[in-house]
Amino acid sequence: RINRFLNREGVSKRTSELKVYEAVLHYHYWLTNLSLENGVKAENALSHAIDLDPSYALPYALLSDVYAVNYQWGRELSPAFLDKSQLLAIKSLDLDAECQYAQWSMAFNYFLRGDGEQFQLFAKEALRINPYNTNVIVGVGLKTCMIGNWEEGLALIDKGSRLNLCLPG
């Protein structure tokens, strides 16, 4: 039963660089402690991780997410910034189509562009890859509500909240 809770992220390709793994931890810390300072640390660490291991998909996807969140929050409203986020997600998918965060980042980009249909396609794929990642489940749920699919979105938020009682608000 425990295997169903293991994060399948990066199963097809891993890194041997400790600094790359550390960058992933910076990203997850930022998710639980959203601040500009933590976001800058995550962004810098992920950029460095890409330099250290350019064939590893996960840092591209996570950096894409950081950029998309900054765009969503209005820290950087340039369409070029959102394009940069999408290019990182595409690069991640090119390296590993089974990278859940690459699928999520593409979904998020399409959401920010107002393309609900493409958002749903990539979001469903992200959920298929790892149906127990509560950050992705709730992220997809929130965005699904925002595109007007309230029942489906609320069900995902409820599922994520039940799987992780300490889910960041």
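Of the 169 residues in the chain, 46% are classed as buried. The model is a predicted one. The fold is helical: eight helices are present, with zero strands. Along the sequence the order is α-α-α-α-α-α-α-α.

Overall dimensions were examined next. The radius of gyration is 15 Å, which agrees with the value near 15 Å for a compact globule of 169 residues. Along the principal axes, the C-alpha atoms fill a box of roughly 45 × 45 × 30 Å. Contacts reach across the sequence. Among those between residues at least 6 apart, 61% join residues at least 24 apart. The accessible surface of the chain is about 8,900 Å². Carbon and sulfur atoms account for 56% of that surface.

The interior was then considered. In soluble globular proteins, nonpolar side chains tend to be buried together. In this chain, the largest nonpolar core holds 47 residues. Y27, Y101, W104, F119 and V140 have the most contacts inside this core. At least two core residues come from each of α1 (18–32), α2, α3, α4 (79–95), α5, α6 (116–129) and α7 (134–146). Helix α3 supplies the largest share, eleven residues. Beyond its neighbours within four places in sequence, Y27 contacts A42, L46, L62, D65, V66 and Y101. One of these partners, Y101, is itself listed among the core residues with the most contacts.

Q103 lies in helix α5, which spans residues 100–112. Its relative accessible area is 7%, so Q103 is buried, the cut-off being under 20%. With residues up to four places away in sequence set aside, Q103 touches L93, A97, F122, E125, A126 and I129.

Note on methods: Residues numbered from 1 in each chain as written. Predicted model: local features only at pLDDT ≥ 70, side-chain atom pairs only at ≥ 80, totals over all residues. Heavy atoms only, no water. Helix = DSSP H or I, 4+ residues; strand = E, 2+ residues; numbered from the N terminus. Rg over C-alpha atoms; globule rule 2.2 N^0.38 Å. Buried < 20%, exposed > 50% of the residue type's maximum accessible area, 1.4 Å probe, protein only. Contact = heavy atoms within 4.5 Å. Areas by Shrake-Rupley, 256 points an atom, 1.4 Å probe, with all protein chains shown as cover. Core = buried A, V, L, I, M, F, W, Y, C linked by side-chain atoms within 4.5 Å.
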